[in-house]
Amino acid sequence: MKYSKEINRRKTFAIISHPDAGKTTLTEKFLLFGGAIQTAGAVKSNKIKKHATSDFMEIERQRGISVATSVMTFEYENTLINLLDTPGHKDFAEDTYRTLTAVDSVVLVIDSVNGVEEQTRRLMEVCRMRDTPVIVFINKMDRDGKNRFDLLEEIENELKLQLHPMTWPINSGKDFKGVYNLHDKSLLLFTANTKASDENTLLIKDLSTKELDEKVGEKDANQLREDVELLDGVYGELPVDEYLKAKVAPVFFGSAINNFGVKELLDTFIRIAPSPLPRETSVREVEPTEDKFSGFIFKIHANLDPKHRDRIAFLRVCSGKFARNTYYHHVRLEKDVRFSNPYSFLARDKDVIEEAFPGDVVGLFDTGNFKIGDTLTEGEDFYYTGVPSFSPELFKELVNKDPMKTKQLEKGVRQLTDEGVAQLFTQHGGNRKIIGCVGELQFEVIQYRLLQEYGASCQFNTLPFFKACWITSDDQKKLEDFARFKPQNIVTDKDGNFVYLAQSEWFLNTERTNNPGIEFHFTSEIHK
Ligand code: G4P
């Protein structure tokens, strides 16, 4: 229990949202509160600009800025907060999903006008897989949004999440007057384009006070009284235990751009969000307080300079203390490695660090030793589980256009897929290379980077598959027979696991029915 003081003051989380709901804006407000930045506009949005001349050139530009904002570390009220950034573009969703394996909780931003959107649903599915505690921030209350009760119902139903309002809004859009804090019974008054300050906060112990009518008008005061009575009756105090078990999600209303309702959110976050939690490995659960260091790689970022193939591997520390220039065991490669220049991501500077504790993320220079999901330990043989690959949605055959550059192509594809840019499948019993991605953009990126960084040119031929399923069976023979009978559909992933590529839902269901001894999975642990 050597480092419990360090561990208890850390909180590692991500802000997630459907693009445009306000993730970047909220991130910036958090950083302002933490003193990590001084001015609004300092955080570069990592989303692809709407009118970019070429999307993948824009991605290259983004790659330049996104290392710096990958992890934002700041202090607030003696709490050390590691905020992990997630890509804004849906084509890079898998990168986001993997980042979620490295956090202990999330803040989910929902646009009050649009409600639950496509990406919100998918992100929550990933959070549910790992029972990640969620705090919801309903943003853009300064716009005419949905009815607040309807919105709560929509979120509960669509995201299968039990909500617990912590603040309650008085109207929305041009009639938005503020939020009432159900926890400490104070009213925060909203004035458009003015930063909320202490003067805008009124303590309203008893809602029947006339002061409320004076401030918000009789009609809205009465509506608030009615709403709060209803809410108090239904919800009561926040069951923090249930939040930590990811059963209940506290909800805040506000407007990130106006920095309104954000402090309430942050104050609650540091009060209730979990510190680094125990994590499952292939052998046992590892406590963060264990003396010995362990951690895993959840993201790999290629260097922008094509002459240097250096990459940065992002290590989440899970237990013990990570120290510079110390040998650690690389479990997959069965060799010991050490790092002379590990760096932390404090604010926007990259600083070489001497040590790091559970919850921290360390950037390691890598010359090709790491794959996503790799584990480092102080000697013990286990790997962290729960860093899966997810089924891609688009599949294309990779065709080499320049036979003189076959080696370069192979190396490039291997390195790009190690980075997690896309997934590589090889036809079972053959040599066809099939690339699986979440979005079209990634194919453009691969083609561009193979040429720029490896001098290899390729072309893609679209394949008619819609999902990849990792297949397993208790009976190895059954699995092999199935693979033999379906040569067109069976591929292996880069770790040699069997994967069935389905043309449609119908085909998938038929195979499921016809092969009861085989299990079809939409995700895989990267290590088996
Ligand atoms: P994202 O990272 O989730 O994609 O969203 P981001 O913060 O970039 O916000 C998306 C848009 O919504 C931005 O406008 C931003 O200014 C706006 N926004 C964020 N919070 C609020 C809010 O509380 N109220 C209102 N009305 N708007 C909000 P944009 O025009 O796309 O970009 P910009 O030109 O303002 O940067």
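**Chain and ligand site**

Reply: The protein chain has an accessible surface (Shrake-Rupley, 1.4 Å probe) of about 23200 Å², with 48% of it belonging to carbon and sulfur atoms. This is a predicted model, where local features need pLDDT of at least 70, side-chain atom pairs count only at pLDDT 80 or more, and totals for chains, interfaces and linings use all residues. Residues are numbered from 1 along each chain as its sequence is written, and side-chain values use heavy atoms, with hydrogens and water left out.

Me: What percentage of the residues of the protein chain count as buried?
Reply: Buried means under 20% relative accessible area, with a 1.4 Å probe and protein chains only. The protein chain has 528 residues, and the buried share is 55%.

Me: Which helix gives the most residues to the shell around the ligand?
Reply: Helices here are DSSP runs of H or I with at least four residues, numbered from the N terminus. The top contributor gives 3 residues to the shell, spans residues 23-33, and is helix H2.

Me: Which residue has a backbone N or O atom 2.7 Å from an oxygen atom of the ligand?
Reply: A polar contact is a pair of N or O atoms within 3.5 Å. The backbone atom at 2.7 Å belongs to Asp20.

Me: How much of the ligand's area does the protein bury?
Reply: Taken alone, the ligand exposes 700 Å². The part of this buried by the protein is 67%.

Terms used:
A polar contact is a pair of N or O atoms within 3.5 Å; within protein, one must be able to donate a hydrogen and the other to accept it, and residues adjacent in sequence count only if both atoms are side-chain atoms. Helices (H or I, at least four residues) and strands (E, at least two) are DSSP runs, numbered from the N terminus. Buried means under 20% relative accessible area, exposed over 50%, partly exposed in between (1.4 Å probe, protein chains only).
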